[in-house]
Amino acid sequence: MSGPQPIDTEPSLRRRTALASSDARLRANLVRASGTLGSRKAAAFGALDDPEGLRHQARAIRHRVLARLPEVLEALADRVEAAGGRVHWASTAADAADAVVAVARSHGARLAVKSKSMASEEIGLNAALEHAGVEVVETDLGEWIVQVAEETPSHIIVPAIHRDRAQIARTLSTVAGRPLADDPQELAAFARDQLRRRFLEADIGISGVNFGVADTGTLVLVSNEGNGRMVTSMPPVHVALMGMERVVQTWAELEVMLALLPRAATGQAITSYVSLITGPAGRLEEGPEELHLVILDNGRSDILGSEFAEALACIRCGACLNACPVYRQVGGHAYGWVYPGPIGAVLTPLLQSSKSAQQLPQASSLCAACWEACPVGIPLQDLLLGLRRRSAAGAGAGARLAWEAWSRLWSRPATYQASLRAASVADRAAGSPASLPGHLDRWSAGRDLPTAEGPTFRQLWDQGRI
Amino acid sequence: MTGTAVLFPTCVVDGVRPQVGVATVRLLRARGFRVELARSTTCCGQPAWNAGQVDAAARVARTTLAGLEEAGGDVVVVPAGSCATMIRRFWPELFRLAGEPGAAERAEALGQRVRELSELLAGLPAGLPAAGAAPGQADRGPGQAASAGPVVYHRSCHMLRELGIAEAPEQVLDGAGVERVANPTAGTCCGFGGLFAVKLPEASVAMADHVLDGCVASGAATVVGCDASCLLQLEGRARRRRLPLAFRHLAEVLAPE
């Protein structure tokens, strides 16, 4: 299959979240891991002199770049080419996948090693390469685990966050053909042994890009496992895939973003590896002879011109996922597509037109923990509300009429009072317009209804009983 | 600060938890306010706003805006963080989106006088002792059986993050001598979220369970909050699980008998 994977439409969002919510082990794994990441982040930011100042600075940088994105991208592309790299502009997911496949084919590649790239998930790259006869091996440990398990990542930076160590040991044992202990050291050693060989055999290395620096054409990758560096230095060809918004103009701007990203993602002041790649290897250097940069639009230009442009300020740290009380109970797969959590609930309906994608902004209680967690201050809850408005405007007449009927009843004090008195306490308790059916059952399946308190507050007041 | 406090009871208190309104009135009177009811109000429109239904939300909010303006008063008191948020944070945007810039300006002006209950109380001189006075009896409110043990405060999200009211409720409880324990899941959403609770009920219940497990672990006997809606969510789930927890609005804990 080439092109992007469609959003998982069946079962529905409710069924997917219900299924995930019923998995106690999944929920325990998520709460534990996201809690750890959240508290590490809090500690890392707490250690800064002026975390809010840094956040404001980063937000200003992102906005400045987005305001003149085409220009910044042109500058980046010019500098990458000046440094000896090749730039491919991809309007669609399929264009991007085709560009990577074409590079692989031109080298007769049989094996590609990849470091983590959510953009590659977005364009369905692994499937496209495999369709073209290229074996793809994920080399980020978490990403490799989900690949071996034939799953998809459930988190932007921690792909296997939904699995605990025993589950991982079981999966890797099937690869090993022998039982492996659920000991992180042993499992990592096994993975290292398996992956090292593949780095040496690979014909092509594929990476994402955390930031492109326009001033020098430098591609920046942060990682903790060293796989990113091997992917970008051992095979003779390096293809970097970058969402078009992932750029800064200057190194000074990069410095701010690099201070934020690891702190927000994992609570680290800096990751173990920060790779700065400017062009292919020189004649006297070791490294890839060819560097290709694929710049992915795939709907981003449309977002840029819309009321949802702030979503493009995202630096993919995953902090909003860790903070989100919905994500923490249902995990990433319940969102049905590549990007989960609050940022996924915003990006997915913007990048995918399917009806199912448009449901995702409902996967939020609008608690704004995402906004609080976001290192660049994206008001995700406002964007979710905006997307709900967009859906409502395009929704069928049924819902609109029901809301209109409710609003007519509740816009006159007399009819509002009459409706409160007429409604059973159960209807009132559901906190929902009585004209929207089915809500009571959905409430009472897991929760008791409040006991009746008798007259309404206004009746008590009018009776002089207060 | 004293004077006339206009009470916006909110639809949830009006229809489902009138005793929260009663307690709010008693509490405000005990703190020296003359209390008036904003009679011509209905709902803040938040259910429709959160559903993306701007016209329906504006239609309802318009009524309540006019009702609150008409009621006057020195301060408008809302015993619900979420409804106070709707008025102060979202009404101006709502009316602008509905093509009513005049109403948006009126909402901004009104918003200056709108206070969530604990926010108002925290700005006042130390209050009267809580109902029952002695620690351990602090949760004895109107019409409720006494239950021994400390309270744990649940921070509701809108008021915490959109209005930035974080410490005020705890300060007010502590100032009144209510025995209180720390909440291990402070700041985590209860899973209500208005229609979210019925759109994705299983996720909503899982979220409630996470918060409730924290409340049980805290050792508290009573969960106190500033939003009746969040409390309905937590209480509904706790009852289904037969958890030994009582649920009280801040006003019910603090109001004199």
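In chain A, helix H3 meets helix H12: Leu54(A), Gln57(A), Ala58(A) and Ile61(A) from H3(A) touch Glu253(A), Val256(A), Met257(A), Ala259(A) and Leu260(A) from H12(A). Sort those residues by class and you get seven nonpolar, one polar and one charged. Keep in mind as you look around that this is a predicted model.

Now for how the two helices sit. H3 covers residues 51-67 of chain A and H12 covers residues 251-266 of chain A; they pack at an angle of about 125°, and their axes are 10 Å apart. As for handedness, H3(A) passes H12(A) in a left-handed crossing.

Further along chain A, have a look at helix H16, residues 341-351. This helix is mostly covered, with eleven of its eleven residues buried. Among the buried residues of H16(A) are Gly341(A), Pro342(A), Ile343(A), Val346(A), Thr348(A) and Leu351(A). So what covers them? The cover includes six helices of chain A: H13 (300-304), H14 (319-323), H15 (327-330), H17 (355-358), H18 (369-373) and H19 (380-394).

Step back and chain A splits into domain 1 (23-301) and domain 2 (408-462). Their C-alpha centres lie 51 Å apart.

Over to chain B, which is also divided into domains: domain 1 runs over 3-121 and domain 2 over 129-254. Here the C-alpha centres of the two domains lie 22 Å apart. Domain 1 of chain B puts 27 residues into the contact and domain 2 of chain B puts in 24. On the domain 1 side, the elements giving two or more residues are helices H1 (11-15), H2 (18-30), H3 (46-50), H5 (81-97) and H7 (117-122) of chain B. By class, that side of domain 1 of chain B has 14 nonpolar, eight polar and five charged residues.

Finally, there's the place where the chains meet.

Note on methods
Residues are numbered from 1 along each chain as its sequence is written. Chains are lettered from A and ligands numbered from 1 in the order in which they are written. This is a predicted model: local features need pLDDT of at least 70, side-chain atom pairs count only at pLDDT 80 or more; totals for chains, interfaces and linings use all residues. Axes are lines fitted to C-alpha atoms, for helices over the stretch in contact, and angles run from 0 to 180 degrees between N-to-C directions. Helices (H or I, at least four residues) and strands (E, at least two) are DSSP runs, numbered from the N terminus. A crossing is left-handed if the near helix is turned anticlockwise from the far one by less than a right angle, and right-handed if clockwise. Two residues are in contact if their C-beta atoms, placed from the backbone, lie within 7 Å. Ala, Val, Leu, Ile, Met, Phe, Trp, Tyr, Cys and Pro count as nonpolar, Asp, Glu, Lys and Arg as charged, and the others, Gly among them, as polar. Domain bounds come from an automatic or database domain assignment. A residue is buried if 20 or more other C-beta atoms lie within 10 Å of its own, exposed if 12 or fewer, and partly exposed in between; C-beta atoms are placed from the backbone.
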